[in-house]
Amino acid sequence: FDAVSEGFFITDRSGFILRANPAFYELTGYSPKEMLGLHCSHIWRGRYGPEFFRKIRHCLHRDRKWRGECDFVRRSGEHRPAILSFSQTHNLKNEVQNYVGMLMDIADKKRNEMRIYRLAHYDSLTGVANRLLFNERLQGAVVESEENSTALAVLFLDMDRFKPVNDSLGHSAGDQLLKSVARRLMYCLGEGDTVARMGGDEFALVLRNLDREVAEQTAIKMASRVLAQFFAPFLIDGREVYSS
């Protein structure tokens with residue numbers, strides 16, 4: 001109990017903490033004097049309502065155990081993602097005597113998952129969606145438009161004069177130009193829309209949740225807004241560069 005790396009705690013039948021191991025105190029930032037006698041819900045204060053704990057109690061009553069992901073709150077106020085599990089212990093009459101909780105911090109795991117997801121779904125140069133995420137978002141927009149009787153639009157563009165800039169000023173200048181274009185396209189987007197770099201100097205936009213009656217006009221307005229972003233020059237290494 002004291003040697004394991006996960007945070008373990010034991011409560012009475014009402015959920016008040018009777019004992020916890022050193023890993024639990026290290027995870028939460030509390031001392032035994034501060035924590036013992038408190039209700040275990042204290043480490044989720046402000047994060048979940050009564051319904052969350054009712055579901056846990058229901059599962060414990062039915063299955064004698066519960067496991068799931070939830071955030072806990074350290075003494076400092078920092079929110080951390082964790083795996084939480086509860087199980088029951090029983091006396092000789094088969095009555096619930098205690099609850100045993102296990103808390104495992106998964107912040108590093110979550111960060112790694114997010115990093116892997118970003119590497120797989122976002123363009124490493126510009127930070128906008130890549131072709132894979134574009135296809136996923138487009139498929140989702142199609143389903144959404146069918147369910148909600150709305151429309152969607154796809155705008156596809158490639159930049160003029162990218163190759164001369166790349167050849168004359170170097171690849172670093174070309175990269176800066178692509179990043180600047182991506183920023184300007186992001187500026188045009190509405191909530192829920194997507195801009196993606198499809199490869200090279202090609203970009204695509206997905207506009208979703210459009211009113212079917214005015215979808216065409218909305219797409220044309222967005223196309224005009226995108227084109228207007230190219231009127232002003234791009235500043236690359238102190239030089240004004242024009243693209244259209």
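1. Strand β1 (residues 7-11) pairs with strand β5 (residues 96-105) in the antiparallel sense, over five bridges. Isoleucine 10 has valine 100 of β5 opposite. Strands here are DSSP runs of E of at least two residues, helices are runs of H or I of at least four, and both are numbered from the N terminus. Two strands count as paired if DSSP finds at least two bridges between them.

2. On the basis of the note: this is a predicted model, in which local features need pLDDT of at least 70 and side-chain atom pairs count only at pLDDT 80 or more, while totals for chains, interfaces and linings use all residues. Residues are numbered from 1 along each chain as its sequence is written, and side-chain values use heavy atoms, with hydrogens and water left out.

3. The open sheet is formed by five strands in the order β2-β1-β5-β4-β3, with antiparallel pairing. β2 (17-20) and β3 (65-73) are at the edges with a single partner strand each, so one side of each has no neighbour in the sheet. On average, neighbouring strands of this sheet are turned by 25° against each other, direction ignored. Helix α3 (residues 50-63) packs on the sheet and touches β3, β4 (79-90) and β5; the direction of α3 makes about 155° with that of β3. Contact means heavy atoms within 4.5 Å. Axes are lines fitted to C-alpha atoms, for helices over the stretch in contact, and angles run from 0 to 180 degrees between N-to-C directions.

4. β3 and β4 run antiparallel and are joined by nine bridges. Valine 73 has histidine 79 in β4 as its bridge partner. The hairpin of these two strands has five residues between them, and glycine 77 in this hairpin takes a positive phi near 100°.

5. Helices α6 (residues 162-169) and α7 (residues 171-188) pack at about 145°, and their axes are 6 Å apart. On the α6 side the contact is made by Phe162, Val165, Asn166 and Leu169; on the α7 side it is made by His171, Ala173, Gly174, Leu177 and Leu178. By class, the residues of this contact are six nonpolar, three polar and no charged. For this count, Ala, Val, Leu, Ile, Met, Phe, Trp, Tyr, Cys and Pro are nonpolar, Asp, Glu, Lys and Arg are charged, and the others, Gly among them, are polar.

6. The largest nonpolar core has 29 residues. Those with the most contacts inside this core are Met159, Leu177, Val181, Leu185, Phe203, Leu205 and Val226. At least two residues each come from β6 (151-158), α6, α7, β8 (202-210), α8 (215-228) and β9 (234-236), and α7 gives the largest share, seven residues. A second, separate core of 23 residues includes Phe9, Tyr25, Ile56 and Phe86. A nonpolar core is a set of buried Ala, Val, Leu, Ile, Met, Phe, Trp, Tyr and Cys residues joined through side-chain atoms within 4.5 Å.

7. Threonine 194 is in strand β7 (residues 194-199). Is threonine 194 buried or exposed? Threonine 194 counts as buried because its relative accessible area is 3%; buried means under 20%, exposed over 50% and partly exposed in between, with a 1.4 Å probe and protein chains only. The side chains of threonine 194 and arginine 137 are joined by a polar contact of 3.0 Å. A polar contact is a pair of N or O atoms within 3.5 Å; within protein, one must be able to donate a hydrogen and the other to accept it, and residues adjacent in sequence count only if both atoms are side-chain atoms. Apart from neighbours within four places in sequence, threonine 194 is in contact with Ala129, Arg137, Leu189, Ala204, Leu205 and Val206.

8. Serine 145, in helix α5 (residues 131-148), is buried at 9% relative accessibility. Not counting residues up to four places away in sequence, serine 145 touches Thr150, Ala151, Leu152 and Arg212.

9. Asparagine 209 lies in strand β8 and is partly exposed, with a relative accessible area of 44%. Aspartate 237 is in the loop between β9 and β10 and is exposed, at 57% relative accessibility.

10. Arginine 239 is in strand β10 (residues 239-241) and counts as exposed at 51% relative accessibility. Leaving aside neighbours within four places in sequence, arginine 239 is in contact with Leu169 and Phe234. Arginine 239 and alanine 228 are eleven residues apart in sequence, with 20 Å between their C-alpha atoms.
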